Amino acid sequence: MACLSPSQLQKFQQDGFLVLEGFLSAEECVAMQQRIGEIVTEMDVPLHCRTEFSTQEEEQLRAQGSTDYFLSSGDKIRFFFEKGVFDEKGNFLVPPEKSINKIGHALHAHDPVFKSITHSFKVQTLARSLGLQMPVVVQSMYIFKQPHFGGEVSPHQDASFLYTEPLGRVLGVWIAVEDATLENGCLWFIPGSHTSGVSRRMVRAPVGSAPGTSFLGSEPARDNSLFVPTPVQRGALVLIHGEVVHKSKQNLSDRSRQAYTFHLMEASGTTWSPENWLQPTAELPFPQLYT
């Protein structure tokens, strides 16, 4: 199952993405949901999320606090919230478990359930069949896409944020923990859009300067009719080339669209950009996929 056929490989190379239905069992999906439920129950909500400051200076400090929290999350398990879920005193306007946008960026390293899925025999077999020699795991996220206000993700390329030289060394692995439908915000791709480089890059500012990140270049206007929807069932795995253009719409349905996603990089002969927001640390060098 986890070993790609020549025709699947060819399709992935041609389109820049590939759907593998039934990659994980229902039990494996339930295990992830149960574990994420425990993590959410135990979470500490960071102050920069809770407070709505008034003065401009305080607003800038809060933005910086928020930026620092994000920029230093590469080797930790941290919580990122939807807009408008706190009142001005920092109290939740909706239940905490319904307010989270995502948890990132090192579930694969710190949590036994997500570590075992990420490094599973199935995933290792898949990576080998893609010809990866020395894959490392650079980040992971659990994405909630909450009912009614799970935000849209605008068209982007993952390599904008995870830039390498040469390009073509980053691979997204996106696993549907729940069904992803047209109504609840499934992925949309532009097939074949992974062959013309990266139009925009997010770079980290020098330490101590605000804001913490900036963009080089910009996303070009893209014809909406080029996007193809990719609804999948729970347990499906979607392979995402680092440069393929993709997006997801807002979730206006009453069902969530949870997903676990992680990114692999072929480390052999590859330079990870020192300007990427995400950097390996002494505590957590990017772990090797193959165990």
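Helix α1 (6-15) and strand β7 each supply at least two residues of the lining of the second largest pocket. Helices (H or I, at least four residues) and strands (E, at least two) are DSSP runs, numbered from the N terminus. The model is a predicted one, in which local features need pLDDT of at least 70, side-chain atom pairs count only at pLDDT 80 or more, and totals for chains, interfaces and linings use all residues. Residues are numbered from 1 along each chain as its sequence is written, and side-chain values use heavy atoms, leaving out hydrogens and water.

Helix α1 gives the largest share of this lining, three residues. Among the lining residues are Leu9, Phe12, Gln13, Val170, His194 and Glu266. By class, six are nonpolar, four polar and two charged; here Ala, Val, Leu, Ile, Met, Phe, Trp, Tyr, Cys and Pro count as nonpolar, Asp, Glu, Lys and Arg as charged, and the others, Gly among them, as polar. The space in the pocket is about 240 Å³. A pocket is an open set of points on a 1 Å grid over the protein atoms alone, where a 1.4 Å probe fits, with protein on both sides within 12 Å along at least five of seven lines; lining residues have an atom within 4 Å of a point. The volume is the space filled by probe spheres set on the points, which are joined across faces, edges and corners.

Two strands pair if DSSP finds at least two bridges between them; β7 (residues 170-176) and β12 (residues 237-241) have five, and Ile175 is the bridge partner of Leu237 in β12.

Finally, Cys29 lies in helix α2 (residues 26-41). Cys29 counts as buried because its relative accessibility is 0%, where buried means under 20% relative accessible area, exposed over 50% and partly exposed in between (1.4 Å probe, protein chains only). Beyond residues up to four places away in sequence, Cys29 touches Leu24, Ala176, Val177, Arg234 and Gly235, a contact being heavy atoms within 4.5 Å.
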